[in-house]
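Hello,

Here is the structure I said I would pass on. Have a look, then read my notes below.

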Amino acid sequence: MNVAIIGCGGMGRMHAQMAANSGFAIKVCADLNQAKAAELARDFGAEATTDCQGVCGRAEVAAVAINTPTPTHLEFIKLAAQHGKHIFCEKPLARTEQECKEAIAAARDAGVKLFTGHVVRYFQEFETIKQQMDAGVVGKPGFAKTFRGGISPAGEGNWFRDFEKSGGVIFDCLIHDFDWIRYAFGDVERVFSQTMRRSEPEVMEYALVTLRMKSGVIAHVIGSWAHPSGFAVKAEVCGSKGMLHFDSNDTSIQTNLRETPGEGPGVIVPGSPVDVSPYQLEWEDFKNWLEGATPRVSPQDALEAVRIAEAALKSAETGAPVTL
Amino acid sequence: MAKIGVMSFAHMHAYAYAEALKSLPNADFAGVWDDDAARGEAAAKLYGVPFTADMDAFLGGGLDGVIITSENMKHRAMVEKAAAAGAWILCEKPIAPNTEDAAAIVAACKQAKVGLGTAFPCRFIPALTQVKDQLDAGGLGALYAASCTNNGQFPGGWFADEALSGGGATMDHTVHVADVLRWFTGKEFTKVYCENGNLLREGINTDDIGALHLEMDGGLVVSHIASWNRPQSFPTWGDVTMELVGERGVVNVDAFNQKIDVYDDEAGKGAWAYWGGDPNRSLVNDFIAAIHEGREPAATGVDGLRAVEVTEAAYASAKSGAMAEVKRLAI
């Protein structure tokens with residue numbers, strides 16, 4: 001099955017590799033930045049183009065992988081769906097709940113599969129926490145806490161640092177945790193959030209979010225794009241008789257590389273040194289869905305994660321809890 | 001030598017303070033009073049000091065100071081008696097379960113002209129005093145945000161009985177961090193939002209988890225987890241941690257993270273052997289120095305009151321479902 005990669009930055013390269021590993025053929029690599037498209041295309045023996053919209057209609061392409069800035073997702077999803085292409089879309093599915101609804105409707109009407117890359121569901125450490133919890137190790141869970149973050153990412157044209165485009169650390173980064181917490185503990189009742197967002201002395205954001213689940217469980221989610229370096233993930237679940245805890249700072253590989261002179265920091269992709277990458281697992285899930293299986297992440301899941309993230313942004317703005 | 005008595009061994013910290021009284025050269029551990037005679041007698045025997053069953057007789061014994069380590073709801077009555085007897089007071093935290101009692105405690109000591117300290121040993125943890133020095137020297141630049149925890153194992157007993165404690169984990173485990181943040185920044189809390197509940201332990205009538213969102217003067221945003229969420233199998237009692245995000249970077253402090261991992265087949269599980277400082281001893285030492293020097297202890301009764309203003313607002317928020325203002329009482 002031929003795939004078009006739309007957006008050839010860090011995640012585009014990652015997904016091209018995973019797609020290729022899963023048996024897809026990378027047919028065309030599209031990016032507004034000609035050099036990035038050409039570089040990725042060369043590495044995968046594909047064609048390069050700057051016509052990102054055009055690739056959605058290519059007859060030889062059966063699926064597209066969308067790795068562009070979030071506000072552009074909906075346009076590509078609609079185009080791809082119109083042309084009957086299956087879609088692998090990087091998270092967040094779209095910039096607003098309304099856009100998610102349009103995206104889901106477009107895919108449904110066209111009868112194509114719309115997969116969203118909520119990759120944390122495939123991370124072995126998070127899956128192990130969920131398995132332990134489901135096996136009753138902590139007893140009845142009552143509390144969860146996660147941390148995700150590090151240095152503020154820039155991205156092509158600094159789009160991550162443009163709040164209107166990315167939605168900042170809450171919308172772009174913590175959406176992973178919102179999705180996983182909902183996957184592990186069920187639906188969210190209400191959200192409270194605070195953010196510290198600054199442009200001086202440099203662009204930075206630190207977000208503190210509490211989710212009250214319908215089950216009563218309290219989940220506290222911390223996100224940082226305010227650290228001077230690095231990237232870390234932490235997770236904790238406490239229950240009536242036990243506790244589970246994970247900290248990526250305390251794992252098998254620690255690599256600390258100098259920044260490339262003259263270039264801003266890119267997105268740091270956390271590495272789990274495991275037999276099969278979680279990114280591979282999500283591509284396998286996408287592939288299996290195309291062959292009839294049920295995927296771990298549904299389009300509705302992706303929409304719910306966006307709803308939680310939007311509620312957190314609203315709460316941070318108003319200083320009041322937002323009930324979903 | 002300062003003659004010091006201990007009033008009540010209801011709070012487990014009493015034992016740490018008693019050890020300090022026994023070992024400090026300028027302290028004379030003069031005796032024990034307890035409304036639970038069996039508990040008081042056992043403690044007195046443990047430390048080789050006299051037990052007095054009658055409170056008035058105890059306070060009439062010429063004490064320079066008392067350490068009050070009773071249940072939260074009993075602090076006020078004991079402070080008022082001890083202050084009237086002219087004893088300086090070191091009161092366990094929270095200084096009271098509500099601001100009404102806390103303000104009365106402060107007023108009673110002011111009127112009796114005795115010094116009043118709140119037992120905030122965090123002010124004497126070397127890791128925290130060093131961070132305070134770092135902040136004061138401008139090492140982090142302006143402070144913008146913080147996320148904190150004071151997690152603990154379930155203490156059981158009166159701590160989880162609202163009639164004696166006045167509240168659960170949100171009350172027990174917010175005041176230390178609230179005090180440290182006031183001490184670090186010189187700023188006061190303005191607002192708090194709190195989600196809490198009894199989510200872990202069955203059969204108690206208090207909360208055992210609190211998630212707080214706080215604001216301080218100048219818009220500093222803080223989250224804090226006040227909990228009894230550490231299981232009995234956890235290697236230690238709990239933690240005090242803070243991630244401080246500022247102009248020049250991030251400081252992470254894990255106040256008690258000075259430990260050796262211990263694996264002993266006979267113990268059946270891994271444990272931590274702590275090798276850091278003894279903040280409880282330093283706290284009692286400061287109290288005794290305050291008596292000798294005629295000054296207030298490092299963390300005063302007003303500091304205790306300010307922390308209780310935060311917990312009271314937190315409970316108000318949890319009840320109303322909205323952000324609550326931290327009302328600062330005039331003193």
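**Where chain B meets chain A**

This is a predicted model. Across the interface of chain B and chain A, 12 residue pairs are in polar contact, with both residues at pLDDT 80 or more.

On the chain B side that touches chain A, six elements of chain B give two or more residues: β6 (143-150), β7 (189-197), β8 (209-216), β9 (220-227), β10 (241-246) and β11 (249-254). The residues on this side of chain B divide into 18 nonpolar, 11 polar and five charged.

The contact takes in 34 residues of chain B and 36 residues of chain A. The size of an interface is often given as the accessible area lost when the parts come together. Here, about 2700 Å² is buried between chain B and chain A. Carbon and sulfur atoms give 63% of that area.

There are three salt bridges across the interface of chain B and chain A. One of them joins E195(B) to R190(A). The closest N and O atoms of E195(B) and R190(A) are 2.6 Å apart.

**Two strands in chain B**

Strand β3 (residues 65-68) of chain B pairs with β4(B). The sense is parallel, and the pairing runs over four bridges. I68(B) stands opposite C91(B) in β4(B).

Which way do the residues of strand β4 (residues 88-91) of chain B point? W88(B) and L90(B) point one way, while I89(B) and C91(B) point the other way. In a regular strand the side chains alternate between the two faces of the sheet. W88(B), I89(B), L90(B) and C91(B) are all buried.

Best wishes

Note on methods:
Residues are numbered from 1 along each chain as its sequence is written. Chains are lettered from A and ligands numbered from 1 in the order in which they are written. This is a predicted model: local features need pLDDT of at least 70, side-chain atom pairs count only at pLDDT 80 or more; totals for chains, interfaces and linings use all residues. Side-chain values use heavy atoms; hydrogens and water are left out. Contact means heavy atoms within 4.5 Å. Buried area is the accessible area (1.4 Å probe) that two parts lose on being put together, summed over both. A salt bridge is a side-chain nitrogen of Lys or Arg within 4 Å of a carboxyl oxygen of Asp or Glu. A polar contact is a pair of N or O atoms within 3.5 Å; within protein, one must be able to donate a hydrogen and the other to accept it, and residues adjacent in sequence count only if both atoms are side-chain atoms. Ala, Val, Leu, Ile, Met, Phe, Trp, Tyr, Cys and Pro count as nonpolar, Asp, Glu, Lys and Arg as charged, and the others, Gly among them, as polar. Buried means under 20% relative accessible area, exposed over 50%, partly exposed in between (1.4 Å probe, protein chains only). Two strands pair if DSSP finds at least two bridges between them.
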